[in-house]
Structure formats: structure tokens, C-alpha cells
Amino acid sequence: MLNLSAVIIAKNEENNVSRCLRSLDFADEIILLDTGSTDHTCEIARSLGAKVFLLEKWEGFGRAKRYATELASNDWIFSIDADEVVSDELKQHIQQIMQNPEFFLYRIKRKSFYLDKMINYCGWQRDFPKRLFNRKHANFNDKPLHESVVGNVPIGTIKEPIYHYTYPTIKSHLRKIDFYTDIAAEQHTGKKYSICKPFLSFIAKFCKMYLLDRGFLDGRNGLILSFISAFGVALKYLKIIEKQSK
């Protein structure tokens with residue numbers, strides 16, 4: 001069986017990291033790259049056997065995750081976020097793959113919880129991030145936001161899920177949106193937008209998630225998720241317009 005390194009980047013994840021690390025007992029090593037925690041994330045990770053490294057300079061998610069893969073001892077990488085958990089079914093499937101991989105890059109089904117309820121629609125039903133790969137053939141790109149694993153190789157699909165415990169509160173969702181939209185506005189160097197763009201984008205995003213992607217079937221949580229996600233798109237364009245006006 002090939003050796004596998006599980007890789008995480010984290011910041012202030014003391015409420016999540018223990019659950020994540022305990023689900024990685026099938027990995028030959030666990031690398032945690034801390035990006036500036038002020039809580040007990042690093043201490044918890046070390047106590048559970050992870051190799052903890054500190055990032056000296058933040059240059060975006062893509063470069064941080066690429067650096068984390070370079071710290072690993074093995075070429076086969078399983079990338080996971082601190083607020084995610086490997087299901088037992090996925091664990092078994094990955095162990096089978098490591099005996100004789102058919103592909104160098106795999107996308108994995110992700111099932112996400114929002115306000116502590118699993119979301120089955122809102123477009124999240126099509127969530128298959130690329131997480132298992134051989135770093136000699138694929139790796140993270142350098143995008144500061146919305147990074148992904150890229151490689152000019154065929155991609156396998158794994159249907160056994162990662163569970164994603166995202167945004168347990170509305171406040172946590174709004175805080176993350178503020179952070180992400182700051183990055184998006186800072187990186188934007190493209191065309192200028194009219195003041196109508198944020199409002200039209202809000203309507204389009206909400207209608208897509210809540211109506212076209214059947215978010216209404218997720219009940220109250222689907223409505224909240226669709227509304228706040230649409231607000232996030234509008235906020236991004238408002239910040240871009242503000243930047244351009246200066």
C-alpha cells in the first residue's frame with residue numbers, strides 16, 4: 001500500500017480540529033500548517049499526533065496549501081479542511097485506492113451542514129472538490145481565493161463523502177463573507193462596474209440557489225443560506241466599486 005499524507009491549513013480552529021484529526025487515523029502522517037492561530041489549534045493538533053508548521057507570510061489560500069503539500073513526506077496527498085470530517089466509507093475507499101491507484105487525481109463528494117443541518121440542495125449537491133492526488137502529477141494552483149487542485153491528468157470520482165461542518169451560526173457565515181470579499185476586491189483588476197451590478201448579482205444568485213437549485217427544499221436553512229450567499233456576491237461588487245472609486 002502506498003503511503004499517504006493528510007494535509008490541513010488552519011487558523012483558530014480549536015473547535016473543529018480535534019474532530020477532523022481523529023477521522024484521519026488511516027493516514028501515514030498528518031501535516032497541519034497553521035496560518036496565525038491565537039487559540040489552542042496548534043496544541044490540540046500536536047497532542048493528536050499531527051506535525052505542526054507555522055506559515056511565515058500569508059499569500060493566499062492557493063500558495064498556503066501548495067506549501068503545505070511540500071512539507072509532506074509522501075507524494076500522495078489528501079487535502080482536508082479543519083472543519084471537515086472523513087466518513088468511515090470514504091476512509092475505507094481511500095485505503096483501497098492506495099493499494100493500486102487508477103488515477104493520479106480524485107474528486108470527492110462533500111456533504112455540508114449549514115446552521116447544523118445538512119443541506120441537500122442550493123447547488124451544494126454538486127460539490128465534488130479535488131482532494132486526493134499525487135503531487136508529482138497535480139497540485140494546488142496559486143489563486144489567493146477559490147483555489148483548487150490542477151493537473152493535466154484524468155480525474156477519478158469518489159462518491160463516499162467528506163462531511164463539512166460549515167457555518168454553525170449566521171455570524172460565522174457573515175464573518176467569512178467579509179474576509180473573502182476583502183480578498184476578492186483586493187485582487188480585482190478588471191473592468192469597472194456600475195452601481196446596478198451588486199443588486200442584479202444579488203437577485204441572480206438568490207434565484208439560482210433558492211429556485212433553480214431548489215434551495216426551498218432545504219426549508220428555513222435553505223432560505224437563509226441562499227439569501228446570505230447572494231448578499232456575499234453583492235458585497236463583493238460593492239467593495240470592488242468602492243476600491244475603483246478611490
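This is a predicted model: local features need pLDDT of at least 70, side-chain atom pairs count only at pLDDT 80 or more; totals for chains, interfaces and linings use all residues.
Let's start with E242, which is partly exposed because its relative accessible area is 44%. On the cut-offs used here, buried means under 20% relative accessible area, exposed means over 50%, and partly exposed is in between, with a 1.4 Å probe and protein chains only. E242 sits in helix α7. Helices here are DSSP runs of H or I with at least four residues, strands are runs of E with at least two, and both are numbered from the N terminus. From E242 to F216 there are 26 residues along the chain, and their C-alpha atoms are separated by 33 Å.

Residues are numbered from 1 along each chain as its sequence is written, and side-chain values use heavy atoms, with hydrogens and water left out.

Now, the helices around α7. Two packed helices are described by the angle between their axes and the distance between the axes. Those axes are lines fitted to C-alpha atoms, for helices over the stretch in contact, and the angles run from 0 to 180 degrees between N-to-C directions.

Take α6 to begin with, residues 196-212, beside α7, residues 219-245: their axes come within 8 Å and cross at roughly 155 degrees. So which way do α6 and α7 run, roughly parallel or roughly antiparallel to each other? They are roughly antiparallel, therefore. The cut-offs are under 35 degrees for roughly parallel, over 145 for roughly antiparallel, 65 to 115 for roughly perpendicular, and oblique for the rest. The crossing of α6 past α7 is right-handed, a term for the near helix being turned clockwise from the far one by less than a right angle, with anticlockwise giving left-handed. The contact of α6 with α7 has 15 nonpolar residues, four polar and two charged. In that count, Ala, Val, Leu, Ile, Met, Phe, Trp, Tyr, Cys and Pro are nonpolar, Asp, Glu, Lys and Arg are charged, and the others, Gly among them, are polar.

Next, α5, residues 170-187. Its axis and that of α7 come within 9 Å and cross at roughly 30 degrees, and α5 and α7 are therefore roughly parallel to each other. Here too, α5 passes α7 in a right-handed crossing. If you'd like to click through the contact, meaning heavy atoms within 4.5 Å, the α5 side includes I170, H173, L174 and I177, and the α7 side includes I224, L225, I228 and S229. By class, the contact of α5 with α7 divides into eleven nonpolar, four polar and six charged residues.

H188 counts as buried, because its relative accessibility is 18%. What is H188 in contact with, leaving aside its neighbours within four places in sequence? The partners are Y193, I240, K243 and Q244.

Over in α6, we find M209. M209 is buried too, with a relative accessible area of 4%. Setting aside neighbours within four places in sequence, M209 touches C122, W124, R214, G215, L225, S226 and S229.

On to the rings. The structure holds 16 aromatic pairs. Rings of Phe, Tyr and Trp (its six-membered ring) pair if their centres lie within 6.5 Å, and planes under 30 degrees apart count as stacked, over 60 as edge-to-face and the rest as tilted. F179 and Y180 have ring centres 5.9 Å apart and planes at 40 degrees, so this pair is tilted. F179 is partly exposed at 38% relative accessibility, and Y180 is partly exposed at 26%. Y210 and F216 make an edge-to-face pair, 6.2 Å centre to centre with 75 degrees between the planes. Ring pairs also link F202, F206, Y210, F216 and F227 into a cluster.

Last stop, the backbone. Most residues other than glycine have a negative phi, and most peptide bonds are trans. N12, in the loop between β1 (4-10) and α1 (17-22), has a positive phi near 50 degrees. H146 is not a glycine either, and its phi is positive at about 55 degrees. You'll find H146 in the loop between β9 (139-140) and β10 (149-150), where H146 counts as exposed at 61% relative accessibility.
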